Amino acid sequence: RPSTISTSSHFLSLPSLLLKVVCLVARCLEYLIKLEHQNPIGKGIAPLKWRTNHITMERVLPEAARAGIEKMIEFAYSFEPLFAPTVVLVPAFVKDSVGSLAQTTGQDVETLEYLLGMLICYPLGLIMLSLPHGKVKHLFSFILGAFLLQFTIGIQWIHQFISSMVVYFMFLVLPAKTSKTLVPVFMMIYMSAGHLHRQYTNYLGWDMDFTGAQMVLTMKLYSLAYNLYDGELIKKGKEDRAAKKCADVAVTSLPGIIEYLGYTFCFATVLAGPAYEYKFYANACDGSLLYDKSGKPKGKIPSQVWPTLRPLLGSILCLGIFVVGSGMFPLLNPSDPQNADPILLGEEMMAKPVYRRYAYSWLALFFIRFKYYFAWMNAEGANNIWYAGFEGFDAKGEPKGWQISNNIDVIRFETAPNLKTLTAAWNKKTANWLAKYVYIRTGGSLFATYGMSAFWHGFYPGYYIFFLSVPIISFCERLGRKKLTPRFENGRLYTIVCWLATSVIVQYMIQPFQLLAFDWAVANWKNYYFAGHIACVVFYLVVSIMPTPKKKGA
């Protein structure tokens, strides 16, 4: 895991230096991309109708740059007549029925569509299970994935299709050595353009658009580019260290177009992931996961009922906790989350003692996480129902488990005694992508890994403030593991203290990730007197001068 990278003693003064760098970078990003709240454009490609705050715009971008950006957006929107006819998979009466249901229940249409899209994956999974192995499964996966995208984001589904086809063309014409660089670059640029467009037209908005699905697709195609490169090296007997580590997911030949689109648009992963490698998807579709070449089972095929019901029921529980808890402890202002100051910075909250303010923020963030738990656990069950989440059999014919589509370990995350355990339990497939295709491909660079994670999420300053602050915790944790853990090993009290310290400091550091804006993030930390950063620096300096315990038996 990226959080386990070892560092040398010359990083002694790095935490304080890093904090200055973080603030400088975030401030620069804020000046480059922060715009006043705009009217959301919506899910369709529509004429430019946003409002601009000219004082803010002139402070951030020169007039020529603004004009250029708006011309580029207008150019992109001019393709609406061309792509509008592609939205053919969702009958009009379905959209009308969902709109009526949303009005009756008082729910937001986009949220309801997304929720229904997630739940529809279960009956679709039953159909997928009953289909014969081979191209039929791939074709079904592609068509139903496209249906879900058109159902939830409308015409914007075309972004996934265009970027997928461009990448497939690159795979066809470019050597694997070249495509493993150019494909990730293209996908990151395409996704970044979506992030920047969203921030330009709907700053601090949380409306549904194509960027969420594009983030999942970026991980898939980024990984596939390296899988094909590793497969080529292995075929030639020239595999490097990274290829050897990723040999189990290497792909030796380019998939056919139907198989490829079935993977990129897979209905069970297209909305919320998880973005596991192509080989796992292909094995589930062609039958090689469960049967040998003669058609005989590789072992006793386990029932998928409980591996499907467990995450489904868990996701429903998490959804209920999120709705109730976030209503009681909102982080942003419910009346106007884009413009009004967050609850954490409101006058009523600021009148309370610092410990009560922090306790409120801890609870607010705790309940926000259940939104992610719902999405990931729901997707896990939707994959397990047709065995896509099954790991297969070992050499003795015994089932390995169901971890392929598992993206979160809620209990392990909430009780993590250190950052290493915490990051290993959260968003596992994104961590897998960062570890296999960023971390080990950059020689074990911690900053490249966390930097890529921030870049992948978007360009709000809050992301960079958080991800560039995480190494501070990592440095302290590694130092503590080296100098303190041997002294208190197997101590229950020490474990409790570690869990409490991890929870308190991570909850402090992660608040900018949800607040997004630079001024909100810094003002929030200022209200805590930057206590988390100061505590990390003091801990690092004090523990650094402690003698390192001798190893047992030395």
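What follows is a chat about a predicted model of one protein chain.

Me: How many helices and strands does the chain have?
Reply: The predicted model has 27 helices and 0 strands.

Me: And what share of the residues counts as buried?
Reply: Of the chain's 554 residues, 52% are buried.

Me: What about contacts across the sequence, how many join residues at least 24 apart?
Reply: 74% of them do, counting contacts between residues at least 6 apart in sequence.

Me: Which residues touch the most other members of the largest nonpolar core?
Reply: Phe267 and Trp386 do, in a core of 128 residues. Helix H16, residues 354-384, gives the most to this core, with 14 residues.

Me: What does Phe267 touch, leaving out residues up to four places away in sequence?
Reply: Its contacts include Cys121, Leu124, Met128, Phe140, Leu144 and Leu148, and Trp386 is one of them too.

Me: Which residues are in the second core?
Reply: That core is separate and has 19 residues, among them Met215, Met219, Ala242 and Val249.

Me: Moving to H7. What span should it have, and what are its ends doing?
Reply: Helix H7 covers residues 135-153, and at 1.5 Å a residue its 19 residues should span 27 Å. The end C-alpha atoms are 27 Å apart, so the two values agree.

Me: Is H7 enclosed or open to the outside?
Reply: Largely enclosed by the rest of the structure, because 15 of its 19 residues are buried.

Me: What comes after H7?
Reply: Gly154, which has a positive phi near 65°.

Me: Now H5 and H6. At what angle do their axes cross?
Reply: Roughly 115°, with the axes of H5 (residues 92-105) and H6 (residues 109-130) coming within 9 Å. The crossing is right-handed.

Me: Which residues make that contact?
Reply: H5 supplies Lys95, Val98, Leu101 and Ala102, while H6 supplies Val109, Leu112, Glu113 and Leu116. By type, 6 are nonpolar, none is polar and 2 are charged.

Me: Gln160 next. Buried or exposed?
Reply: Gln160 is buried, because its relative accessibility is 3% and the cut-off is under 20%. The residue sits in helix H8, residues 158-173.

Me: What does Gln160 touch, again skipping residues up to four places away?
Reply: Leu149, Ile153, Phe210, Ala213, Gln214, Leu217 and Phe265.

Me: Where is Cys476?
Reply: Cys476 is in helix H22, residues 470-483. It is buried, at 8% relative accessible area.

Me: Which residues does Cys476 touch, not counting those up to four places away?
Reply: Cys536, Phe539 and Tyr540. Phe539 is 63 residues from Cys476 along the chain, and their C-alpha atoms are separated by 7.0 Å.

Me: Backbone now. Which residues does the cis peptide bond join?
Reply: Gly273 and Pro274, with omega about 0°. Pro274 belongs to the loop between helix H12 (257-264) and helix H13 (278-286).

Me: What is phi for Tyr387?
Reply: Near 70°, which is a positive value in a residue other than glycine. Tyr387 is in the loop between H16 and helix H17 (410-414), and at 9% relative accessibility it counts as buried.

Me: And what is phi for Asn427?
Reply: Near 45°, also positive in a residue other than glycine. Asn427 lies in the loop between helix H18 (419-425) and helix H19 (428-439).

Me: Buried or exposed?
Reply: Asn427 counts as buried, at 12% relative accessibility.

Key:
Residues numbered from 1 in each chain as written. Predicted model: local features only at pLDDT ≥ 70, side-chain atom pairs only at ≥ 80, totals over all residues. Heavy atoms only, no water. Helix = DSSP H or I, 4+ residues; strand = E, 2+ residues; numbered from the N terminus. Buried < 20%, exposed > 50% of the residue type's maximum accessible area, 1.4 Å probe, protein only. Contact = heavy atoms within 4.5 Å. Expected span 1.5 Å × (residues − 1). Axes fitted to C-alpha atoms, helices over the stretch in contact; angles between N-to-C directions. Left-handed = near helix turned anticlockwise from the far one by under 90°. Nonpolar A, V, L, I, M, F, W, Y, C, P; charged D, E, K, R; others polar. Core = buried A, V, L, I, M, F, W, Y, C linked by side-chain atoms within 4.5 Å.
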